[in-house]
Each structure stands twice: as structure tokens, then as C-alpha cells.
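Here's a quick briefing to read with the model open beside you.

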Amino acid sequence: MSSKLKRTLQDFLPPRQFEKFMICLIYLRGGDLKKIAELCKTDKHGSHYYIQHYQKYFTSLRWKRLNILEIGIGGLKDLMKGGASLRMWKYFFSWSNIYGIDIYDKSYHEENRIKTFMGSQSDPDFLKEVARKVGKIDIVIDDDSHINEHVIKTFKA
Ligand SMILES: C[S@@+](CC[C@H](N)C(=O)[O-])C[C@H]1O[C@@H](n2cnc3c(N)ncnc32)[C@H](O)[C@@H]1O
């Protein structure tokens, strides 16, 4: 698609509609995770370079019906910011449920197949409660405080 047509669509459509339209085009071209990450504007691609690793390990799981939990939704205190990677996972794993945890309320980002929980990754009781509600969790992605002590507590829980 030409960049002019893309800009026109972006001006014309509400942001989520534009994202969904673009996702259809990305799917038609093979559904590359890097392209999905760019569209959703997650810093997993650009500021960091994790996408090629996710693509390598997750591609074979892509069409399964999984429960995926990401710890760290993004946007800190701003309730409406963040959620980029939750949407990226939703688009990549077309049949899976995506769950997110953040210390701030991120329920604004809930939609079909995306659910959020508010609490701290260093609180084992909270994590166990999330696990009880979700059921079997197939993949956990820890992109939270990045404080070693927290990461270890989460891993143990
Ligand atoms: C790096 S951002 C997540 C980015 C997001 N995964 C993405 O790729 O778009 C980290 C998030 O972790 C949250 N956070 C920080 N400390 C936390 C804690 N102890 N427990 C839960 N969430 C925390 C912050 O509020 C922030 O929204």
C-alpha cells in the first residue's frame, strides 16, 4: 500500500479500526510478527530487539488455543496508555486468550480475548489468584518492573 493511501486511511478511520484494517493486510502477506509489532507500536521492536527471538520460539505455537500472560502492560499511571504488546499478541496468536498484569488499572485495554488484572508482580498471593482465575497458563512473558528481586519472586510464584 502506498504511504499516501495509508496516511489517508489513518486520518479517516478511528485508530483501532485502522489497526484492524492494517492487520488484515499483514495477515494476507504472511502475518510477520515484526510488522504486527510496528503497527501496534510496542517497544519490543525498535527500542529493543526481541521480536526475532519471539518469532523464532513462538511461530510453531501461533495457531494453538493458548492462555498467554504478559506481566507489564505499559503506560505506567496513564490508564489509557499501554496495551501495545497485548494487542500484538492478540493479533499474532489468533486463537489465544491474552491476559495482562500491571500495577496500575489497565482495564481500558480490555476487549475480546484481552483481559487485565491490577496488582504487583512481587505479590505471590496476587499472582496465584490470577493463575486460579486464568486456569492453565501456557506462556508467561515478564516485561514488568525489570527489578531483579521482583523478577525472581514472579518466577518462583
Ligand atoms: C515496560 S512497561 C510494559 C510494556 C509492554 N509490555 C509493551 O511491550 O508494550 C512496564 C509496565 O510494568 C508496570 N509495572 C512496574 N512495576 C510493576 C510491578 N511491581 N507489578 C506490576 N506491574 C508493574 C508499569 O506500570 C508499566 O506499565
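A crossing counts as right-handed if the near helix is turned clockwise from the far one by less than a right angle, and as left-handed if the turn is anticlockwise. With that in hand, H3 passes H4 in a right-handed crossing. Keep in mind that this is a predicted model. H3 also meets H2 and H5, so let's start there, because helices here are simply DSSP runs numbered from the N terminus.

**H3 and H4**

- The axes of H3 (residues 33-40) and H4 (residues 51-58) come within 9 Å and cross at roughly 130 degrees.
- H3 and H4 are therefore oblique to each other; angles over 145 degrees would count as roughly antiparallel.
- On the H3 side, the contact is made by Leu33, Lys34 and Ala37, and they meet Ile51, Tyr54 and Gln55 in H4.
- Sorted by class, this contact of H3 with H4 has four nonpolar residues, one polar and one charged.

**H3 and H2**

- H2 (residues 15-28) and H3 have axes that come within 10 Å, with a crossing at roughly 170 degrees.
- That makes H2 roughly antiparallel to H3.
- The handedness is right-handed as H2 passes H3.
- From H2, the residues involved are Glu19, Met22, Ile23 and Ile26, which meet Lys35, Ile36 and Leu39 in H3.
- The contact of H2 with H3 divides into five nonpolar residues, no polar ones and two charged.

**H3 and H5**

- For H3 and H5, the axes come within 9 Å and cross at roughly 145 degrees.
- The crossing of H3 and H5 is right-handed.
- Leu33, Ile36, Ala37 and Cys40 are the H3 residues here, and they meet Ala84, Arg87, Met88, Tyr91 and Phe92 in H5.
- By class, the contact of H3 with H5 comes out as eight nonpolar, no polar and one charged.

**Around the ligand**

- The ligand has 23 residues around it, and those that come nearest are Gly72, Gly74, Ser85, Ile103 and Ser145.
- Helix H5 (84-92) and strand S2 (97-102) are the elements that give two or more residues to this shell.
- The shell splits into six nonpolar, eleven polar and six charged residues.

**Two non-glycine residues with positive phi**

- Lys41 is not a glycine, yet its phi is positive, at about 65 degrees.
- You'll find Lys41 in the loop between H3 and H4.
- Lys41 counts as partly exposed because it has 14 C-beta neighbours inside 10 Å.
- His146 isn't a glycine either, and its phi is also positive at about 65 degrees.
- His146 sits in the loop between strand S4 (139-142) and helix H7 (148-156).
- With 9 C-beta neighbours inside 10 Å, His146 counts as exposed, since the cut-off for exposed is 12 or fewer.

- Lys77 lies in the loop between strand S1 (67-71) and H5.
- Lys77 has 8 C-beta neighbours inside 10 Å, so it counts as exposed.
- Ten residues separate Lys77 from Asn67 in sequence, and their C-alpha atoms are 26 Å apart in space.
- Tyr108 has its place in the loop between S2 and S3.
- Tyr108 counts as partly exposed because it has 15 C-beta neighbours inside 10 Å.
- Leaving out residues up to four places away in sequence, Tyr108 touches Leu79 and Met80.
- Tyr108 and Gly82 are 26 residues apart in sequence, with 9.6 Å between their C-alpha atoms.

**Lys115, in a strand**

- Lys115 belongs to strand S3 (residues 114-118).
- Lys115 is partly exposed because 18 other C-beta atoms lie within 10 Å, and a residue needs 20 or more to count as buried.
- Lys115 and Val134 are 19 residues apart in sequence and 9.6 Å apart in space, C-alpha to C-alpha.

Terms used
Residues numbered from 1 in each chain as written. Predicted model: local features only at pLDDT ≥ 70, side-chain atom pairs only at ≥ 80, totals over all residues. Near = placed C-beta within 6 Å. Helix = DSSP H or I, 4+ residues; strand = E, 2+ residues; numbered from the N terminus. Nonpolar A, V, L, I, M, F, W, Y, C, P; charged D, E, K, R; others polar. Axes fitted to C-alpha atoms, helices over the stretch in contact; angles between N-to-C directions. Parallel < 35°, antiparallel > 145°, perpendicular 65-115°, else oblique. Contact = placed C-beta atoms within 7 Å.
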